[in-house]
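Here's a quick briefing to read alongside the model. Have the structure open and follow along.

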Amino acid sequence: MSQQRHAPFLIDGKAVEALEGGTIDVRNPANGSIVGTTAWGTAADADRALAAAQAAFPGWAATDVEIRAKLLRRTGELIRERRMEIAQALTSEQGKPIVDSLREIDYTARVFEFYADMAPLRADAWKHPQENAISKELRVLVIHQPLGVVVTMVPWNYPVDIFAWKVAPALAAGCTVVNKPSPLTPLSTALTVQCLVDAGIPAGVINNVVGSNEGLSMKLIRDPRSRLVTLTGSIETGQMVMREAATELKRIVLELGGQCPMIVMPDADLDLAVAAAVQRSYTNMGQICLSVNRIYVAEKIRGRFLDAFVEATRAVRPMDGAAPGALFGPMINDAQIERVQRHVQDAVARGGKLLAGGQRLTGEGYDGGSFYAPTVLADTPDDALVMCEETFGPVAPVVGYASTEEVIRRANATRFGLAGYIYSQDIGQALQLAERLEFGGVGINVNDVCELQAPFGGWKHSGVGRELGSEGLLAYMEAKHIRMRLPALA
């Protein structure tokens, strides 16, 4: 994976370079080496991408839905055929182990195939037949039609997967797209975009540009030609998108991260709960919006849980994601390490106990890379940063609780509301607890709430709108009510 790649823009079906901005380097977080470059654009590049998407929209919206489905299905096939190439690019720029990159690519293909299957439902499935005949003469028909040009803004932690979450349903609905990947991970996205091109997607239907927030992004968000902006990112970035999009009253879909609690009930299967906590706390080095951020354990089993969890955490060994047998990789960059370190130091200063990790990894195998030791904290107060903000790193604070009412109150005491997890062998009790948690998704004895057929998104500051499922398709469509008076029968 030492081969350097270059990611040009895709605008109106052609690979092009930036008009003014030039290029920037893409680095491997495992060793700091340059693994490629990407074109780096300005508002002028955003303008020509929007123009291409706008020109292509009428033809794409009018394209037979079965043809659109066929092209999306072919895209999924090409992604599977090129899975190793895309996965290697992803690992080289993002750092995650190759096994996780392959898993991400495979899921990306599934998303395109899912919306290929759902695309034929875009109109007929959304009629209101029960209201169809309201009198002898009047008929009511409700249909859904594509919004127009969509701007998709994709993060660096799952740059291929989340690209598919946004782009596949947009294209299935009949929208055209201008995609903006993170400048940290443009290489794997460019390879995935090429699969769409090679599948036969018409010129201008999918466009891909990279650039600064101040120039390129602002143009994409503010320009009246874009009808919807969808972002996965931080609360602060989401607030900026909401403010700027408001000038044109355009639609937004925002997924803005989480501060996810895991609740371990007194009767939980401890082996299952510990394994789930390790996997959901440290996979992708905690750089997942669904990562466990706070672990609440019933007091009667807290000691046993902590002992097992600390032992399992110490066995986690981060390494270069391209190394044979790698299961955990580096963090994305030093800036993210500094954020994690600040959260850990704050927790300890407030009385929390550091039981494992808590430092940057250095020495053989780590020099030049952004590695941080998986970390366990105990007895961390509720006002510590790690309990209130999204750390986005491999840190797991474990605290006890005395009653169900207490843990519900503490779990909900956050401005975030993306996901929560409950471990209990009493499914009835767990379900009642899940109904009282203020989160968009709750897992019971599972540590993931992503499901293709179900809506994904957050409550409160964790976002606006939903992705995946049929809701993910309808996000890119406008409802239209057609009311008809029929002539009398002869």
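Let's start at a helix end: Asp 269 caps the N-terminal end of H9, with a side-chain oxygen 3.2 Å from the backbone nitrogen of Asp 271. Bear in mind that this is a predicted model.

**Helix H9**

- H9 covers residues 270–282, and just after the helix Asn 284 takes a positive phi of about 55°.

- What order do the seven strands of the open sheet follow? Reading across, you get E14-E15-E16-E13-E12-E17-E18, and the pairing is mixed.
- The edges are strand E14 (353–356) and strand E18 (441–444), each of which pairs on one side only.
- Neighbouring strands here are turned by 25° against each other on average, ignoring direction.
- For a parallel pair, take E15 (residues 375–378) and E16 (residues 395–401), which are joined over four bridges.
- Within that pair, Val 376 of E15 stands opposite Ala 396 in E16.

**Helices across the sheet**

- H9 lies across strand E12 (260–264), strand E13 (292–298), E15, E16 and strand E17 (419–423), and runs at about 165° to E12.
- Helix H14 (residues 427–436) lies across E12, E17 and E18, running at about 165° to E18.

**Ser 182, in a loop**

- Now over to the loop between strand E8 (176–180) and helix H6 (186–199), which is where you'll find Ser 182.
- Is Ser 182 buried or exposed? Ser 182 has a relative accessible area of 9%, and since buried means under 20%, this serine counts as buried.
- Its side chain reaches the backbone nitrogen of Leu 184 at 3.0 Å.
- Leaving out residues up to four places away in sequence, Ser 182 touches Val 154, Pro 155 and Trp 156.

Notes
Residues numbered from 1 in each chain as written. Predicted model: local features only at pLDDT ≥ 70, side-chain atom pairs only at ≥ 80, totals over all residues. Heavy atoms only, no water. Pairing = 2+ DSSP bridges. Helix = DSSP H or I, 4+ residues; strand = E, 2+ residues; numbered from the N terminus. Axes fitted to C-alpha atoms, helices over the stretch in contact; angles between N-to-C directions. Contact = heavy atoms within 4.5 Å. Buried < 20%, exposed > 50% of the residue type's maximum accessible area, 1.4 Å probe, protein only. Polar contact = N/O pair within 3.5 Å; in protein donor to acceptor, adjacent residues only side chain to side chain.
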